[in-house]
Amino acid sequence: MIRATRLLPAGSFSAEPADRLHLDRDDRHRRRLVMRCAGGTAFLLDLPEAKVMKQGDGLELEDGRIVLVTARPERLLEITAEDTAHLVRLAWHLGNRHLPTQLAGDRLLIREDHVIEDMALKLGAKVAHVSAPFDPEGGAYGLGTVQGHDHGHHDHVHGDHDHAHAHDHAGHDHAGHDHKKHDHDHDHGHSHGPGCGCGHSHDH
């Protein structure tokens, strides 16, 4: 199977794309994966390291053809606030839950989640359901993902099809980030107490 070994940033190539690849946010953070384009082109993504593919990027195939990456719209929550201070407070609560969040000017975008939607409303936010490409912040270490929420890089065909990924925010118990199983002391860097709205018990 032909491989794609180079990721070309948007605007860095002039060749007409041979095909288009429609991917959601999870499938745009990959290293090695069999992919199938909208026009039927199949190839093995085989990058030296995992990269976040953005809207308009290109994947160069071994024969020189370019596959254009497009961000598939996803079902998101658009969160807006009364003012900048309120928006910062809302962003803090989302970050406290390790939620992938896109900062979009005067609004925050996250994946649909009825628990978080209810929390945001209780904090005075306005919440709207929208469909849009999702490009969350890459985390403190520039890894292109938020720890505890990235899905395994499994090798099977992705591309022009729909699939769902499950998230369970109840109890703050995410894959790879279960607070009950740490075997070392650590400080979360935020204050807990009655009424803090964290959504999990503090009686450790």
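1. The side chains of Asp 26 and Arg 111 meet in a salt bridge, with 3.4 Å from N to O; the term stands for a side-chain nitrogen of Lys or Arg within 4 Å of a carboxyl oxygen of Asp or Glu. Asp 26 lies in the loop between β2 (19-23) and β3 (29-36) and Arg 111 in strand β9, so the pair ties together parts that are 85 residues apart in sequence. Asp 26 counts as buried at 5% relative accessibility, and Arg 111 is likewise buried, with a relative accessible area of 17%. Here buried means under 20% relative accessible area, exposed over 50%, and partly exposed in between, with a 1.4 Å probe and protein chains only.

2. This is a predicted model, in which local features need pLDDT of at least 70 and side-chain atom pairs count only at pLDDT 80 or more, while totals for chains, interfaces and linings use all residues. Residues are numbered from 1 along each chain as its sequence is written, and side-chain values use heavy atoms, with hydrogens and water left out.

3. By the salt-bridge rule the count comes to 14. One of them joins Asp 46 to Arg 32, the closest N and O atoms being 3.8 Å apart; this pair links distant parts of the chain, with Asp 46 in strand β4 (residues 42-52) and Arg 32 in strand β3, 14 residues apart. Asp 46 is buried, with a relative accessible area of 17%, whereas Arg 32 is partly exposed, at 34%. Both residues also belong to a network of salt bridges that links Arg 3, Arg 31, Arg 32, Asp 46 and Glu 62.

4. Lys 54 and Asp 135 form a further salt bridge through their side chains (3.3 Å, N to O). Lys 54 is in the loop between β4 and β5 (58-61) and Asp 135 in the loop between β10 and β11 (158-159), so that the pair links distant parts of the chain, 81 residues apart. Lys 54 is partly exposed, with a relative accessible area of 39%, and Asp 135 counts as partly exposed at 29% relative accessibility.

5. Turning to the sheet, four strands form an open arrangement in the order β8-β9-β7-β10, with antiparallel pairing; two strands pair if DSSP finds at least two bridges between them. The edge strands, each pairing on one side only, are β8 (102-104) and β10 (126-132). Strand β7 (residues 74-80) is joined to β10 by 7 bridges, and the bridge partner of Thr 80 in β10 is Lys 126.

6. Helix α1 (residues 84-96) packs on this sheet, touching β7 and β9 (107-111), and its direction makes about 20 degrees with that of β9. Helices (H or I, at least four residues) and strands (E, at least two) are DSSP runs, numbered from the N terminus. Helix α2 (residues 114-122) lies across β7, β9 and β10, running at about 140 degrees to β10.

7. Within α1, the buried residues are His 86, Leu 87, Leu 90, His 93, Leu 94 and Asn 96, and what covers the buried residues includes β7, β9 and α2. After α1 comes His 98, whose phi is positive, near 60 degrees.

Terms used:
Contact = heavy atoms within 4.5 Å. Axes fitted to C-alpha atoms, helices over the stretch in contact; angles between N-to-C directions.
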